[in-house]
Amino acid sequence: MAQFEYMINKKGDTWTMHLKGNMDEDVTLEDLDLNGVGCLEIDFDSVHAINSCGIREWIKWISSINSSVQVVYKNCPKVIVDQINMIAGFLPENGVVKSFYVPYYSEDSDMEKLILFTEGKEYNQGQINAPETIKDSDSGEDLEIDVIEAKYFKFLQAG
């Protein structure tokens, strides 16, 4: 299992928090001092898995953030999107998702590819422009969306 760690880049009152590894019982964020933060961007690009202990620790920590801080989720993998859709408070009320991955799949080659959806391109204000199929740039194969759209994109309509 990949040990959980994070790194923070500070630029003025915008802090970008890069998460890496598995969010499990080893997640410790409560000692993070967020004084002076206006916007906290959380980059989930290197998060591989999350379990119930990680969910509990995340909810405890994220709910302790002052509501005046804008929380932005970026590069959310499917495991994070699933939690946003299922667990109240996983994405705080003052939070928004700016980008997330959507799995596409080819039944012929058993290939899966994750496509990054970005606000303003593939979705905007709850409107989703998810292509049913995409052509893989490497193999030329057609890949089909591999989620139930009404469930997977549910969090976009919540706001």
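In strand 4, Tyr-73 is the bridge partner of Ile-42. This contact belongs to the pairing of strand 3 with strand 4 (residues 70-74), which run parallel and share five bridges. Two strands are said to pair if DSSP finds at least two bridges between them. Strands (E, at least two residues) and helices (H or I, at least four residues) are DSSP runs, numbered from the N terminus. The structure is a predicted model, in which local features need pLDDT of at least 70 and side-chain atom pairs count only at pLDDT 80 or more, while totals for chains, interfaces and linings use all residues. Residues are numbered from 1 along each chain as its sequence is written, and side-chain values use heavy atoms, with hydrogens and water left out.

Strand 3 (residues 39-50) is also joined to strand 2, in the parallel sense, by nine bridges. Within that pairing, Ser-46 of strand 3 is the bridge partner of Lys-20, and Cys-39 of strand 3 stands opposite Thr-14. Strands 1 and 2 form a hairpin with two residues between the strands, where Gly-12 takes a positive phi near 65 degrees. Strand 2 (residues 14-23) is mostly covered, since seven of its ten residues are buried. Buried denotes a relative accessible area under 20%, exposed over 50%, and partly exposed in between (1.4 Å probe, protein chains only).

The link between strands 3 and 4 also involves charged side chains. Glu-41 and Lys-74 meet in a salt bridge, at 3.5 Å from N to O. Because Glu-41 lies in strand 3 and Lys-74 in strand 4, the pair ties together parts that are 33 residues apart in sequence. Lys-74 counts as partly exposed, at 24% relative accessibility. A salt bridge here is a side-chain nitrogen of Lys or Arg within 4 Å of a carboxyl oxygen of Asp or Glu. Side chains of opposite charge can pair when their charged atoms come close. A search of the whole structure finds seven salt bridges.

Glu-57 and Lys-60 form a salt bridge through their side chains, at 3.3 Å from N to O. The two residues are three apart in helix 1 (residues 52-62), so about one helical turn separates them. Glu-57 counts as buried, at 13% relative accessibility.

A further salt bridge joins Asp-136 to Lys-113, with the closest N and O atoms 2.7 Å apart. This pair links distant parts of the chain, 23 residues apart: Asp-136 is in the loop between strand 10 (133-135) and strand 11 (142-145), and Lys-113 is in strand 7. Asp-136 is buried, at 4% relative accessibility, whereas Lys-113 is partly exposed, with a relative accessible area of 25%. Elsewhere, salt bridges that share partners join Arg-56, Glu-57 and Lys-60 into one network.

Two residues call for attention on account of their backbone angles. Most residues other than glycine have a negative phi, and most peptide bonds are trans. Asn-75, although not a glycine, has a positive phi of about 55 degrees. Asn-75 is found in the loop between strand 4 and helix 2 (78-86), and it is buried, with a relative accessible area of 14%. Asp-110 is likewise not a glycine and has a positive phi of about 60 degrees. Asp-110 lies in the loop between strand 6 (99-106) and strand 7 (111-118), and it is exposed, with a relative accessible area of 57%.

Asp-110 also belongs to a surface patch of negative charge, where it gathers with Glu-107, Asp-108, Glu-112, Glu-132, Glu-144 and Asp-146. Patches are made of residues with over 30% relative accessible area and no salt bridge; like charges are joined within 9 Å, and nonpolar side chains (Val, Leu, Ile, Met, Phe, Trp, Tyr) within 5 Å. Lys and Arg count as positive and Asp and Glu as negative, while His and the chain ends are not counted. The place of a charge is taken as NZ of Lys, CZ of Arg, CG of Asp or CD of Glu. Accessible areas come from the Shrake-Rupley method with a 1.4 Å probe, and for residues only the protein chains shown count as cover.

Finally, Pro-131 is found in the loop between strand 9 (127-128) and strand 10, and it counts as partly exposed at 32% relative accessibility. The C-alpha atoms of Pro-131 and Gly-38 are separated by 35 Å, the two residues being 93 apart along the chain.
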